[in-house]
Amino acid sequence: MAEIKSGQCVCGEVSYTVVGEPMRVTICHCNWCQRRTGSAFGIEVVFEANQIKINDDSITRYRHYSDESGRWLDQHFCAECGSNIGFTLEAVPGIRTIAAGTFDDQSWLQADRYRPRHVFTRSAQHWSDIPHGVEKFETHFR
């Protein structure tokens, strides 16, 4: 039987469940992710869209167009508290990400099990150390 994981925004208005294992974990160092998270990077857990069920009563989205590719990314967040829930990408239909920090229990996200990929490392902050031996890409891996 597939494992079910749950999560929510800060205020609890947006909640979700995820069934099964993620495709991967991506740690993105692009400037957009730095701005949307207010941190040095964004950590996204990537699933097939049909694995995720979101109670979206208070979810809203912001459509961002990449200055590199011109394609859109829809950032999903709580309209009440502003918490980032994840995003969808024009470039990869059928997948959806969930922001790692929104899971109720994050202990299952172990680096040795899911081997995170670091992308857009060319934009990484000099004070943000990327561990040796991990997959890393100057831009994206596609």
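What follows is a chat about a predicted model of a protein.

Trainee: Where do I start? What is the strand order in the open sheet of 5 strands?

Mentor: The order is 9-4-3-10-11, and the pairing is mixed.

Trainee: Which strands stand at the edges of that sheet?

Mentor: Strand 9, residues 95–99, and strand 11, residues 135–136. Each has a single partner strand, so one side of each is left without a neighbour in the sheet.

Trainee: And how do strand 3 and strand 10 run, parallel or antiparallel?

Mentor: They run parallel, with 3 bridges joining residues 24–28 of strand 3 to residues 117–119 of strand 10. To find the pairing by eye, look at cysteine 28, which stands opposite valine 119 in strand 10.

Trainee: OK, the largest one then. Which of its 16 residues touch the most other members?

Mentor: Tyr16, Val18, Val45, Phe47, Ile85, Ile98 and Phe103. Strand 2 (15–19), strand 4 (42–48) and strand 5 (52–55) are the elements that give two or more residues to this core.

Trainee: Take valine 18. What is valine 18 in contact with, leaving aside its neighbours within four places in sequence?

Mentor: Its contacts are Glu3, Ile4, Lys5, Phe47, Gln51, Ile52, Ile98 and Phe103. Phe47, Ile98 and Phe103 are also on the list of core residues that touch the most other members.

Trainee: Is lysine 5 buried or exposed?

Mentor: Lysine 5 is buried, because its relative accessible area is 6% and the cut-off for buried is under 20%. Glutamate 21, at 34%, counts as partly exposed.

Trainee: Which residues are linked with them in a network of salt bridges?

Mentor: Arg113 is linked with Lys5 and Glu21 in such a network.

Trainee: How many salt bridges does the count come to?

Mentor: The count comes to 6. One of them joins arginine 63 to aspartate 74, with the closest N and O atoms 2.7 Å apart. That pair links strand 6 (residues 59–65) to strand 7 (residues 72–78), and the two residues are 11 apart. Aspartate 74 is buried at 5%, whereas arginine 63 is partly exposed at 30%.

Trainee: Back to the sheet. Which residue does arginine 117 meet in a salt bridge?

Mentor: Glutamate 135, at 3.4 Å from N to O. Arginine 117 is in strand 10 and glutamate 135 in strand 11, 18 residues apart. Both are partly exposed: arginine 117 has a relative accessible area of 21%, and glutamate 135 has 26%.

Trainee: New topic. What does arginine 36 join in a polar contact?

Mentor: The side chain of arginine 36 joins that of glutamate 44 at 2.8 Å. Arginine 36 is found in helix 1, residues 31–37, and is buried at 12%. Leaving aside its neighbours within four places in sequence, arginine 36 is also in contact with Gly42, Gln75, Asn84 and Phe87.

Trainee: What about the cysteines? How many disulfides are counted?

Mentor: The count is 0.

Trainee: Last one. How far apart are the C-alpha atoms of threonine 60 and glutamate 135?

Mentor: They are separated by 32 Å, and the residues are 75 apart along the chain. Threonine 60 is found in strand 6 and is partly exposed at 31%. Its contacts, leaving aside neighbours within four places in sequence, are Gln75, His76, Phe77 and Ala79.

Definitions and conventions: Residues numbered from 1 in each chain as written. Predicted model: local features only at pLDDT ≥ 70, side-chain atom pairs only at ≥ 80, totals over all residues. Heavy atoms only, no water. Pairing = 2+ DSSP bridges. Helix = DSSP H or I, 4+ residues; strand = E, 2+ residues; numbered from the N terminus. Buried < 20%, exposed > 50% of the residue type's maximum accessible area, 1.4 Å probe, protein only. Polar contact = N/O pair within 3.5 Å; in protein donor to acceptor, adjacent residues only side chain to side chain. Contact = heavy atoms within 4.5 Å. Core = buried A, V, L, I, M, F, W, Y, C linked by side-chain atoms within 4.5 Å. Salt bridge = Lys/Arg side-chain N within 4 Å of Asp/Glu carboxyl O. Disulfide = S-S within 2.5 Å.
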